[in-house]
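Hi everyone, thanks for coming. Please have a look at the sequence and the structure on the screen, and I'll walk you through a few places in it.

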Amino acid sequence: ESKFRYASFPRRGRIARSIHKGVSNYHYQQLRKTPRVELCAGNITRSLTKDVLKMISSEVHKSTRLHNDVLLELMLTQKIMKECSSNVSSGGYIQHLQVDPFGVHLYMDAGINILVEHLKQPTPVTLHLDATGGVVSKIPNQKKRVLYYALVLPGMGKDKPPVPISELITNQHSIPTLTYWLMETLRKVSKCTSRRVQQVETDYSWALMDSVLLSFNKETISAYLERAHEVIAIQKTNSDLHKFSVLHLCSAHIVKAVSQGFGKRTQDKELKEYATYCFALLLNSTSMGEALPVFQHMCVLFASMEDGDLVKLAKNTLDKSISHAKHIKAENVEEDSEDQFHGEMNIRAKTVSGQSPFTRDFQAVHQKAQCQILSQLKTGTKNNFFCPEIINVLFDHYLGIFPLWSGILLGNLT
């Protein structure tokens, strides 16, 4: 265990007043003032170690707290904010507080008014919804970790940064909890304007997807997919679509999830990477007429055991499309939106996919590709891209929710 010298009481007070800009900033600032001879000798008494500085910083924070109990402190803070608010009906910043399971709704009239002003403009409004962990410690006597959710209005360049319209801190990561928070936020917005948010961008989380559709559109994912299919099939008009908010999944999250799914089905890294590039072609598609031929070539390439003219044609066509496509990297996005259990996610995905009309469209193309494979001449040459599990991954989890992650609902559908 490392040992360090404690700072004397008077000196701790001086340091406490100096570390308001951060422990690291103060530490390195003091190191720069330390003579080289002392540094070479390992003497950093002038600057103290970061452990000592963190302890002093913690003491400063504790001294400013209203109460040592987190929940009681939140209750006191909520009461003070309400009493200090100029608008009695606004409720301050802490709009809702629950103890077990823990949950806090955070938003102000200023943020709501900013969103309302944007909704009144002719430019469509897109909101981003995501979650992250590691921001708040676990609540005492409650086992689940706490996540921070934010519904954010994106920035518009210099001097116009992103604005969190509404925030949620909770350890109950469920559809009812998230839906209640979003509906309360939208209820506040609806008092100021009847205009809708056109698009909500979120990550690949079933809890978030269900909650967004229930709160913004008052519908389930299955109903949303049916309506989207009718719009695309020109059974409904483009104006019918924009009576509802469009749900779209973050491309980086989806590409990473798909790439990981492929990686579990094949040990060939080059094959996994190539299949991910092919998926990116589907992701960039803006119409079924563009997506279905790409998927047909994928079925031929990955489901044919033998190499032949048909496989070569499929590979060449995909190569040309990939070379001209806009690639999306599978970035190191955080895995913080704790979607209950992976087994539950898989069941949910398969259930929605089985009911989706888009699954039927892709199945028809898959059957056509199978007929082409059976009709081609036997060559006896092994197809190095043979991996039908790649197609199975897409059918199990992604093709049924095609409008949620592709560009098919993002453009003008007239």
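**A pocket and its surroundings**

Let's begin with the second largest pocket, which holds about 280 Å³ of space. Please keep in mind that what you see is a predicted model. The pocket is lined by 13 residues, and the closest to its centre are V70, E73, L74, T77 and I94. Which elements give two or more residues to this lining? They are α5, residues 70-84, and β2, residues 103-106. Helix α5 gives the most, with five residues. By type, the lining has 10 nonpolar residues, one polar and two charged.

While we are at α5, let's look at L72, which sits in this helix.

Now let's step back to the protein as a whole. Its secondary structure comes to 18 helices and seven strands. There are 414 residues, and 44% of them count as buried. Now take the contacts with a separation of 6 or more: 71% of them are between residues 24 or more positions apart. As for the accessible surface, that is about 22,600 Å², and carbon and sulfur atoms account for 55% of it.

Next, the backbone. Here is some background: most residues other than glycine have a negative phi, and most peptide bonds are trans. With that in mind, look at D100 and P101, which are joined by a cis peptide bond with omega at about 0°. P101 is in the loop between β1, residues 94-98, and β2.

Where is N141? You'll find N141 in the loop between β3 (126-133) and β4 (147-153). N141 is not a glycine, yet its phi is positive, about 70°. N141 is also exposed, because its relative accessible area is 84%. D159 is another residue other than glycine with a positive phi, near 65°. Its place is the loop between β4 and β5, residues 163-170. With a relative accessible area of 70%, D159 is exposed.

Last, the cysteines. How many disulfides does the count come to? The count comes to zero. Among the cysteines, C299 counts as buried, at 1% relative accessibility, while C371 is exposed, with a relative accessible area of 52%.

Key:
Residues are numbered from 1 along each chain as its sequence is written. This is a predicted model: local features need pLDDT of at least 70, side-chain atom pairs count only at pLDDT 80 or more; totals for chains, interfaces and linings use all residues. Side-chain values use heavy atoms; hydrogens and water are left out. On a 1 Å grid over the protein atoms alone, a cavity is a set of points where a 1.4 Å probe fits but cannot get out, and a pocket is an open set with protein on both sides within 12 Å along at least five of seven lines; lining residues have an atom within 4 Å of a point. Grid points are joined across faces, edges and corners, and a volume is the space filled by probe spheres set on the points. Helices (H or I, at least four residues) and strands (E, at least two) are DSSP runs, numbered from the N terminus. Ala, Val, Leu, Ile, Met, Phe, Trp, Tyr, Cys and Pro count as nonpolar, Asp, Glu, Lys and Arg as charged, and the others, Gly among them, as polar. Buried means under 20% relative accessible area, exposed over 50%, partly exposed in between (1.4 Å probe, protein chains only). Contact means heavy atoms within 4.5 Å. Accessible areas come from the Shrake-Rupley method with a 1.4 Å probe; for residues, only the protein chains shown count as cover. A disulfide is a pair of cysteine sulfur atoms within 2.5 Å.
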